[in-house]
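Q: I have a structure open and would like to learn how to read its features. Can we take them one at a time?
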Amino acid sequence: MLQRPDQLDKVEQYRRREARKKASVEARLKAAIQSQLDGVRTGLSQLHNALSDVKDIQRSLVDVNKDWRQSINTIENLKGVKDAVVQHSQLAAAVENLKSIFSVPEIVRETQDLIERGELLKAHRNLRDLECSRDDLMYEQYRMDSKNTHDMNLIHIYFGEIQKLSEELAKQLWMVIERSLLTVRRDPTLLVSVVRIIEREEKIDKRMLDRKKQTGFIPPGRPKKWKENMFDILERTVSTRIEGTQADTRESDKMWLVCHLEIIRKYVLDDLQVAKNLMEERFPPQYDIFKKLLNMYHQALSMRMQELASEDLEANEIVTFLTWVLSTYKSEEMMGNLELAPEVDVNCLTPLISQTAVDQLLSKYMSTLTSNIIGWLRKALETDRKDWIKETEPEADQDGYYQTTLPAIVFQMFEQNLQVAAQISEDLKMKVLLLCLQQMNSFLTRYREEAQFYKEEHLKNRQYPQCYVQYMIAVINNCQTFKDSIISLKRKYLKNEMEEGMPSSHANMDMTLDITAKEGCSSLLDEVFMDLEPHLNELMTKKWLMGSNAVGTICVTVEDYFNDFARIKKPYKKIMTLEAHRRVVVEYIRAIMLKRISFKNAEERKEGAEKMIKEAEQFRFLFKKLAAGSGEDTEGLCDIIVAIAEVIKLTDPSLLFLEVSTLVSKYPDIRDDHISALLTVRGDASRDMKQTIIETLEQGANQPNPNYVPIFKEITVPTLSVPKLLKAAELCLKGASKGLGFSSGSFQGGLRY
């Protein structure tokens, strides 16, 4: 505390402060010691008092023990008095019940009349008086001599009618209880009386059981357990009511299950509403009558549903049943009704049938549905196939496109089954959707096969069926309708996140439909080109060169067919137009490569080339007209004809290689046999020139354009290629020089031939 010189001035102040602290501590210590001493003094005083009390009690117990030993003999001397008291008590009870004993037969008759008149409360009052008289007498007899069965039987026989009255009254009570839901609306007072009687009997039962624990005596017929019997009667009544709702069988009414379940729904809902609104007020609160009735109905329904589930239900019946069990039961139409809330919590209700039973029914339903869908699809296809041979055109939709009813029938069937499945569960809906798509995949394969068979049958006799073209157009349009309907079905019933997990077979449906539609388009084009065949055969012939109008006829025929093809839906109409354009050009080029004509001079070449260019323009105009609005380039194919015409038209043979090389660079799939045939048609190219041109082009072959669509690979030339033919000639010439009998001139002549 003293670290610096200037702190010496405060020494006295520090001393006084420390003295005060010391005095305070000493005062607290003295107070604590005094408190402890006072507590010890008080405790010692209490211990002395307790010791004195214990000694007093000990002396009192000794005195009591002495008095008790002296009074034993006195108690034994009072045994006669005790027996007299018991006998007096019994005689007093007999005297008290004497009037009742003599009036028992009269009271029995009166009680019987009251029961018959329905005055149940009065009847029960009389019955209770009779039972009290009997029970008191029997109890006194039991107390006096419990082994005296003779007197007990005598009393029991004398009051024997009481048991019959009790049973008769019970029958009346149970009749009222059985009709309690009806009675509470028509005569609630009667129901209240019955409940009061049952409640009184319960109290008597309880009192008798308590006395039995004390004395071992219980009157005959006790306990009656009327409250327990009442709930048993209610339970049987509920079960009977549920079972009695089936009015029809499958043989008498196909809708038997629908009617049965609807009657159950109505009865249960009405009964529970009555129980909640009327019966609860007529029963004691501790009975909790509404909750007990709710459990009874639930159990009865569960048993009934299990019985129905075990029956051999049909597919539509399974749907009806599961919809009712899994959906309707807990909906607002039944247990979820607002009038039953909040007493009924549907989330607390146990399932009516087990999940195993549900799974078994769903498995059976899916198996039956699979067979049904296969049958429905087969029948729908057969019906549609019969329509194809009709002599009337198929129906058209609002846009004028030909169609049949097949897609609508198929997807209406799918929609109906999916809507039904959605009512049962989301999982079943997904299973049915997958089943529909799976069967649709198989169905489309059969649909494609039927379309092919339809074409083959038509080719046997092209006059039959009369509306072949129109129905083939309808088949093509149906493919697009199927595609749109499948997309719509998935969008409506399939969640986005689940679409990725769909089986690959479902993705193949679009491919199958595209193939079917394209085969249909090809079949229609085959029909067109069978009609064009005579006119195609005229191309590049002398008749053609002399002024044949084959191309004009071809254009008119194609345009006429495309008037019908206008009823093909856009995706496939566009494909149809492009394919027709390509096939016309291919057939035209094939006619050139067939070498039906060989121009003799430049004038014929010019005339033929100009005719080819003119006809190419005709094709260009035709297909531009047919493809109007499609946005497609329809001129590129006709340019091939023009390019070939330019090769034929060339007047300077020295430029022939350049012109041919230009042609090859544009169309890299052109082969040497095509070039040879083209030069043959020109008529002025020598064998050496052909060989030179072909060999030179082969040496400088260009890389094909990746965007180029080959067209020459479809065209075959019915001769050997020029290089192979020249090589064969060389071998033959070598053989001739070895004396095989061939001359160079004769071989060359034969080769030229």
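Q: Which side chains meet in a salt bridge at 3.7 Å, N to O?
A: A salt bridge pairs a side-chain nitrogen of Lys or Arg with a carboxyl oxygen of Asp or Glu within 4 Å. In this predicted model, Glu-314 and Arg-250 form such a pair, at 3.7 Å from N to O. Glu-314 is in the loop between helix H12 (289–310) and helix H13 (315–326), and Arg-250 is in the loop between H10 and H11, so the pair ties together parts that are 64 residues apart in sequence.

Q: Are Glu-314 and Arg-250 buried, exposed or partly exposed?
A: Buried means under 20% relative accessible area and exposed means over 50%, with partly exposed in between. Glu-314, at 35%, is partly exposed. Arg-250, at 22%, is partly exposed too.

Q: Which residue forms a salt bridge with Asp-271?
A: The partner is Arg-241, and the closest N and O atoms are 2.5 Å apart. Asp-271 belongs to helix H11 (residues 256–282) and Arg-241 to helix H10 (residues 226–243), so this bridge ties together parts that are 30 residues apart in sequence. Asp-271 is buried, with 2% relative accessibility, whereas Arg-241 is partly exposed at 32%.

Q: How far apart in helix H12 are Arg-304 and Glu-307?
A: They are three residues apart, which means a separation of about one helical turn. Their side chains meet in a salt bridge of 3.0 Å, N to O. Arg-304 counts as buried at 9% relative accessibility, and Glu-307 counts as partly exposed at 34%.

Q: Which residues do salt bridges with shared partners join into one network?
A: Glu-131, Glu-201, Asp-205, Arg-222 and Lys-224 are joined in this way. The count of salt bridges comes to 46.

Q: How do H22 and H23 run relative to each other?
A: Compare the directions of the two axes: an angle over 145 degrees counts as roughly antiparallel. The axes of H22 and H23 cross at roughly 170° and come within 10 Å. H22 is therefore roughly antiparallel to H23. Their crossing is right-handed.

Q: Is the crossing of H5 and H7 left-handed or right-handed?
A: The crossing of H5 and H7 is left-handed. Helix H5 (residues 120–144) and helix H7 (residues 160–178) pack at about 150°, with axes 10 Å apart, and are therefore roughly antiparallel.

Q: Where is Lys-600, and how far is it from Asp-684?
A: Lys-600 sits in the loop between helix H22 (570–593) and helix H23 (602–626). Lys-600 is exposed, at 65% relative accessibility. From Lys-600 to Asp-684 there are 84 residues in sequence and 7.5 Å in space, C-alpha to C-alpha.

How values were computed. Residues are numbered from 1 along each chain as its sequence is written. This is a predicted model: local features need pLDDT of at least 70, side-chain atom pairs count only at pLDDT 80 or more; totals for chains, interfaces and linings use all residues. Side-chain values use heavy atoms; hydrogens and water are left out. Axes are lines fitted to C-alpha atoms, for helices over the stretch in contact, and angles run from 0 to 180 degrees between N-to-C directions. Helices (H or I, at least four residues) and strands (E, at least two) are DSSP runs, numbered from the N terminus. Angles under 35 degrees count as roughly parallel, over 145 as roughly antiparallel, 65 to 115 as roughly perpendicular and the rest as oblique. A crossing is left-handed if the near helix is turned anticlockwise from the far one by less than a right angle, and right-handed if clockwise. Buried means under 20% relative accessible area, exposed over 50%, partly exposed in between (1.4 Å probe, protein chains only).
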